[in-house]
Amino acid sequence: MDPRKPGERLLLQGNEAIVYGALAAGCRFYAGYPITPASEIAELLSVKLPQVNGTFIQMEDEIASMGAIIGASLAGVKSMTATSGPGFSLMQENLGYACIAEVPCVVVNVMRGGPSTGLPTNVAQGDVLMARWGTHGDHPIIVLAVSSVSDCFSITVKAFNLSEKYRVPVILLSDEVVAHTRECITLPQTEQVRVVDRIAPKTPPEWYKPYATNNRGVPDMAIFGDGYHHHVTGLVHDEWGFPTQNPKEIEGFHNRLHDKITKGFPEIMMTKTFDMADADICVITYGCVSRAARMAVKNAREHGVKVGLVQLVTLFPFPRKAIDSALRQCKAAIVSELNMGQMSREVNRVNQYDCRVIKHSRYDGQMITPDEITKQILSCA
Amino acid sequence: MVVEAEVIRQNYLRHNKKFPHVWCPGCGNGIVLGSLLRAIHSLGYDKDDVVVASGIGCSSRMTTYIDFNTLHTTHGRALTFATGVKLAKPRLRVITVMGDGDATAIGGNHFIHAARRNINITAIIVNNSTYGMTGGQYSPTTPYGSRSTTSVYGHVEHDFSISELAITAGASFVARGTVYHAAHLDRMIEQAIVKRGFAVVEVISNCHVQHGRRNKLGGAIQMINTFRDQAVPVAKAKKMSAEEMEGKFTIGVLCDVEKPISTEEYARIRHESCQLPGELHDEDDQDY
Amino acid sequence: MAESTPQESAYRYEICFSGSGGQGIITAAVVMAEAVGTLDGKYVCQTQSYGPEARGGKSKAEVVISNKPIDYPKALHIDLLLAMTQAACDAYFFGIKADGLLVVDKTLVEQLPTSRAIAIPFTHIARHDIGREMVANMVALGAVGFLCGQVILQNLEKALLARVPKGTEEMNREALQAGIEEAQKFNLAELPRSFINDFEEGEL
């Protein structure tokens, strides 16, 4: 039925590669609501999921979609949804639920121009801080960004793996350009893809504490129907999963929720660097802008400028270590992004050196071109 | 009878964990809880095969106290979580417990779409005509003219009928009961759980603390006795004129139809297009 | 992700397909990308920009071809612009390189902004010679495939046939071949070298 087999060189859109990545990672449930520019993900999954004994459902809105994927995940099936800005806004409520109840799931946000309905068919990166802080209350979350079709496959797999390992929702930020760009990719064989699954409890049900602290900081996860008949709630809860208002338990709960991510920093914080060895200027980017930045760095190198690129794959938890070493090394850091400076503020926040952090924004619905970045680089040289 | 009550108490309540409960003395929620447990007990389901999902509100606290796979979700969203659970693991018996504001105001969209979809889930809606937990504000079922903390001058909007909404939206089974008619409620809930398709039980309940007090409806006993006087069985109501039905409501099975169930239909599609049979939850395909 | 300095110098060739929604502009670009990328084995990026309408409105799809991994996925300086409507021609013409090439549908584009252009009546050919106006995009693809010199024409046909609905293969093959044949009639060397004069070029 499907001519596309692993090992074959395929021309895929970013959105399609996310689907293949999700399926390779073991995703077997999708709930979503149509939205430009993310709909291709739903369309392809509606074809693919039943073929692998999975489930696709189009819900009545994004609130419901988020609820459904949490329900499916609690029933033991890896699940995801995909949307764009307006839908992502609606998902924030239940995204918080996934954080507090520690339910693994992946949310793809294919960014378009905002706020509100904004620019449905144009590119933007305006949802970066929302991905981190969109749902209310202190909460840990992992935010990853993709910049190419091959990223769309591999980072999606990574997103599921991190989500399962740390029992945390993972936001995968794509954008209109990456989503609709077609590039060639060779899909790996199933056995070549490293897949991580949540850890099931080994204790008998009567001893099982659904939110007990252990040395990993991530509690073992029982699933509905497996004999544990436990309680899951969006209220702050004790180790048994029941609501608590005990200040000690509340504090301990928040600490564990954050510590489990802190413990995973080395694995979670992913960056790619390019030509950074001798650089005294760096460009910091993520998502589609990284493509323009690579070309700009190459062009500027031809002008004899020692410039390198730090591409953030993980946006949150903020990859402080990688940024810190770039800032220490360079006299100037240009943060190029398709918003009014959301990440440049984050970079500035951690800047303890003499490095000048330059905000380079574009927010007219168009991509930043390599020439624009080259100009910024040359003006710092 | 006493022995059976003790068996149910021992078997289905989370004794050592979360009692005392949050409900006021005389609240109808306890009666609904009792009916739900008796219905599940008489059906003989394994506790591990039952998932109870609830939203936010007084009645939704029920999931904390009963010993099943329990899911206390966000306000209005119980049916969305339940849909995910049911689709992912069709063999589980999925029941939701919601309040009137929960199911028909903030969760109204999910409610009508769950009915339209005809997914195999049971929805128990405890209708006490107010938002009790937040202090007695008016809800979609607060009667016209009533006083609440947000309609101190008298309510200017009209209430709607949850059961009629469910029927119109396409539910397979709709029944109404009250907390006065507890034995009848046991049967309604039992029938709803057994029913294949989306099944709704609207339970008329009392909030004497928030709703009754402000509208001079009396205490718990008086309010519950009023349900006795206002409730008319479906068969009897058919013989009554509109004038005779004034101020009264029907109880019993209001709708019971057979129609294709989306979970079953999807299982067929999955079966026909599946390239890797038995990969994930084939054992579940026996029962939806 | 550190990469060695490229031994062989990288080249970049950019094709822009433009017209109005419903003309099959994006399909033509995807087939080109499929042929160049999956069959010829070069690096390729295909992007598109679009408005809310599925029919009508300007439609643009770009194909960037290279012998090295492609950094920037969108066209920067177009080597070949295909314009299937006057509006598209007017809108995208200024993105062409000085020595780039403009290819237009003579049936729908009446005013040429440059003499360094090749005008072929794609829609007319599709309507009269093939019998279906719908395949005008494939006639154009044949011409673009030949004129760009970036794709193995057999692979272009293979990619096309893999993508079209069953039962329409023969019609599409004919359309593609008709486009190739029409394009062969032109001698690129006879066209003006550049569509801007030396003075203007100096200013760039």
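1. The interface of chain A and chain B buries about 3,700 Å², with carbon and sulfur atoms giving 57% of that area; buried area is the accessible area (1.4 Å probe) that the two parts lose on being put together, summed over both. Of the area that chain A buries against chain B, 20% is supplied by A:Asn53, A:Glu60 and A:His229, more than by any other three residues.

2. The model is predicted: local features need pLDDT of at least 70 and side-chain atom pairs pLDDT 80 or more, while totals for chains, interfaces and linings use all residues. Residues are numbered from 1 along each chain, chains are lettered from A in the order written, and side-chain values use heavy atoms, without hydrogens and water.

3. Chain A and chain B each bring 46 residues to the contact, where contact means heavy atoms within 4.5 Å. Chain B and chain C have no contact, and their closest C-alpha atoms are 21 Å apart.

4. Three salt bridges are counted between chain A and chain B (a side-chain nitrogen of Lys or Arg within 4 Å of a carboxyl oxygen of Asp or Glu). One of them joins A:Glu60 and B:Arg117, at 2.9 Å from N to O.

5. B:Arg117 belongs to helix α7 of chain B, residues 108-117; helices are DSSP runs (H or I) of at least four residues, numbered from the N terminus. Because its relative accessibility is 10%, B:Arg117 counts as buried (under 20% relative accessible area, 1.4 Å probe, protein chains only). Beyond its neighbours within four places in sequence, the contacts of B:Arg117 include A:Ile57, A:Met59 and B:Ser262.

Notes: Helix = DSSP H or I, 4+ residues; strand = E, 2+ residues; numbered from the N terminus. Buried < 20%, exposed > 50% of the residue type's maximum accessible area, 1.4 Å probe, protein only.
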